[in-house]
Amino acid sequence: MRKVALFVAFLFVGAFLLLGVADMRPFGEPQIADMDDYYIANTQREVAVNNVVTAVVFDYRGFDTLGEATVLFAAVVGILALFRKPREDER
Amino acid sequence: MKNNGMSIIVRTVTRFVYGLIILFGFYVIMHGHLSPGGGFQGGAVVASAFALLLVAFGSTGLKGRLNLHWLQTMEEVGALSFLALAFLGIGTAFFYNLFANSGGFLFGASVPTGSNAGVFAAGGLVPLMNWAVGLKVMTGIAAIVIIMLVGSRKEETE
């Protein structure tokens, strides 16, 4: 019973994924490319950087990078809080 | 010989390559505005060299070379300098690239449009932010690895 249910679920999910594949646009032709075209056309003039990805990460979407740095900081602080040596009076 | 590191082959190879890994990581950070990579990636490469040292030599391998308090301090220095660089252009907008195309000595050169090899002294705040984030990521991940190794060792002995 359990295996049959799993198989039906597998078929459903697979059918949905295949439907999505049939509806996909061809590679390299996205539906909306305004932002990409803007970055490619203006990065060298505005940011004076050849690496467009770095220009997006540190200039156009710098706030997002700040969030990523915060995630790393939170990870370090959390692991430190988890693994730190307990003081003598806390044991 | 009480040692929780790995075999002598691993330790010898590690002694050869860890400097090169650190050098490559700094190269990736330094050329983040020209070639693939940047602060995050280069910092992770440098931190992987520290992780390799820890795995090869055991928890005693880094004793005296990397101080945990120093690592945490440098991580916060990187985070705060990244924030400070972001606040530099607050007169226009948060994360405004103040130094790009300014003509100043601090990465102020312009880049010709079209395909070219890139200008190293260009990019304004982008290379400086690469260094800040690289410092933060390399020390942060190294601190995570060291803390987790020391913490798991402590639980084994208890």
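Of the 21 residues of helix 1 of chain A, 0 are buried, so this helix lies largely in the open; buried denotes under 20% relative accessible area, exposed over 50%, and partly exposed the range in between, with a 1.4 Å probe and protein chains only. Helices are DSSP runs of H or I with at least four residues, numbered from the N terminus. The structure is a predicted model, in which local features need pLDDT of at least 70 and side-chain atom pairs count only at pLDDT 80 or more, whereas totals for chains, interfaces and linings use all residues. Residues are numbered from 1 along each chain as its sequence is written, and side-chain values use heavy atoms, without hydrogens and water.

Helix 1 of chain A covers residues 2-22, and its end C-alpha atoms are 30 Å apart, which agrees with the span of 30 Å that 21 residues should have at 1.5 Å a residue; the expected span is 1.5 Å times one less than the number of residues. Within this helix lies A:Val8, which is partly exposed because its relative accessible area is 40%. A:Val8 also belongs to a nonpolar surface patch with A:Val4, A:Phe12, A:Val13, A:Phe16, A:Leu17 and A:Leu19, and the accessible area of the patch is about 750 Å² together. Such a patch joins nonpolar side chains (Val, Leu, Ile, Met, Phe, Trp, Tyr) within 5 Å, from residues with over 30% relative accessible area and no salt bridge. Accessible areas come from the Shrake-Rupley method with a 1.4 Å probe.

A:Thr43 is located in helix 2 of chain A, residues 34-46. This residue counts as buried, because its relative accessibility is 0%. Leaving aside residues up to four places away in sequence, A:Thr43 touches A:Tyr38, A:Ala48, A:Val49, A:Val52, A:Ala55 and A:Tyr60, where contact means heavy atoms within 4.5 Å.

Between the two chains, 28 residues of chain A are in contact with 44 residues of chain B. About 2900 Å² is buried between them, and carbon and sulfur atoms give 68% of this area. Buried area is the accessible area (1.4 Å probe) lost by two parts on being put together, summed over both. In chain B, the residues losing the most area to chain A are B:Phe40, B:Phe95 and B:Ile147, together 18% of what that side buries.

Over all chains the count is 1 salt bridge. B:Glu75 and B:Lys136 form a salt bridge, with their closest N and O atoms 2.8 Å apart. The pair links distant parts of the chain, 61 residues apart: B:Glu75 in helix 3 (residues 68-88) and B:Lys136 in helix 4 (residues 125-157) of chain B. B:Glu75 counts as buried at 1% relative accessibility, and B:Lys136 counts as buried at 2%.

Definitions and conventions: Chains lettered and ligands numbered in written order. Helix = DSSP H or I, 4+ residues; strand = E, 2+ residues; numbered from the N terminus. Patch = residues over 30% accessible without salt bridge, like charges linked within 9 Å, V, L, I, M, F, W, Y side chains within 5 Å. Salt bridge = Lys/Arg side-chain N within 4 Å of Asp/Glu carboxyl O.
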